[in-house]
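User: Please take me through some of the labels attached to this structure, and set each one against its cut-off.

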Amino acid sequence: MQAFMISERKKATSGLGRPEARDLIELAPVQFTRPARATRPLAASLRRAPMAAVATASTRAPASSPANRSRPALPILRVAAAAPPGWRRRTRNPYPAVSVAAGSARSPPGGLAVDPKVDTLLDSVKWDSKGLAVAIAQNVDTGAILMQGFANKEALAKTILTGKATFFSRSRSSLWTKGETSMNFMNVHDIFLDCDRDSIIYLGKPDGPTCHTGAETCYYTSVYDALQGSKPNQDRQLTTTLYSLEDTISRRQEETVAEGSGKPSWTKKLLLDNQLLCSKICEEAGELTQTLLENEDRSRTASEMADLLYHAMVLLRVKDVKMEEILEVLRKRFSQSGIEEKASRSKS
């Protein structure tokens, strides 16, 4: 159980207490089920999806015909092998046109013109007996697991080529790109394979809600809550300790203190008093720096940083700023020097 405690060595004259028991957070492991997903046929998605241009594949002739023997080779995609992961780059070079051909899950990506290095990587994946592997979409900023589907060679190749998360529909036996109907595309910044190379993660930024229900993620059903009789909450985003804290602070802001119910929680006090909140942030920042100046131990530094982070997140709640926005700003600064970034800030 995580507790954001007020330092014991705070001055007694400050008149400030520590968070009450109901401000403590308890996290429990969560298991999920995947809801059904509506899809569109591949042909319709290729007409509407705002991604790389689609080249028209040549009509195949019989193997014995001269047309088949002299058919020109498909263009080859050139991939910069030394390029850093997409989410570390500020811009992405557009990929050239690709040709997409429908096929079964087990068929090789013959309709996709890919670089030999990409072809080799596709062959290294341990596809199951149906030519599929689990493909998971994850938010690059929050780390939240958004959805799970399946991919075959063509789906993975198309994702690499277009930068849009693409899956294989087992019910339709065709490719489908996330967002082709809702326009809530999953913009892929990087792709990871697990140690056994039999599952895939699409790490990226969604354009909108991922779940067909309108929820940010398909994973909002807690098994432990269900066992206790609680109904699933689509707004629940308890993905990590950090976001659990953000959710708790948000709920404290929505609470009202009923007459005769006692004093409000410490978080509620901070939300209602800007001067108190700002003074606590300054106090905690000073105590954090003191752990360095006085060479205090690591546990003390971690404790003071937890206090500072908690109070800063209360301020973010007051200003209606989400942690995801902060993390997105940090990600965009990865390839930019601090001096350049500071000079580019608005002077207003």
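This is a predicted model: local features need pLDDT of at least 70, side-chain atom pairs count only at pLDDT 80 or more; totals for chains, interfaces and linings use all residues.

User: Why is the pair of Phe167 and Trp176 called stacked?

Analyst: Rings of Phe, Tyr and Trp (its six-membered ring) pair if their centres lie within 6.5 Å, and planes under 30 degrees apart count as stacked, over 60 as edge-to-face and the rest as tilted. The centres of Phe167 and Trp176 are 5.1 Å apart and their planes stand at 25 degrees, so the pair is stacked.

User: What makes the pair of Phe167 and Tyr202 edge-to-face?

Analyst: Their planes are 65 degrees apart, with 5.4 Å from centre to centre. This pair links distant parts of the chain, with Phe167 in strand β3 and Tyr202 in strand β6, 35 residues apart; strands here are DSSP runs (E, at least two residues) and helices likewise (H or I, at least four), numbered from the N terminus. Phe167, Trp176 and Tyr202 form one aromatic cluster.

User: Why does Val223 count as partly exposed?

Analyst: Buried means under 20% relative accessible area, exposed over 50% and partly exposed in between (1.4 Å probe, protein chains only). Val223 has 31% relative accessibility and therefore counts as partly exposed; this residue is found in helix α5.

Key:
Residues are numbered from 1 along each chain as its sequence is written. Side-chain values use heavy atoms; hydrogens and water are left out.
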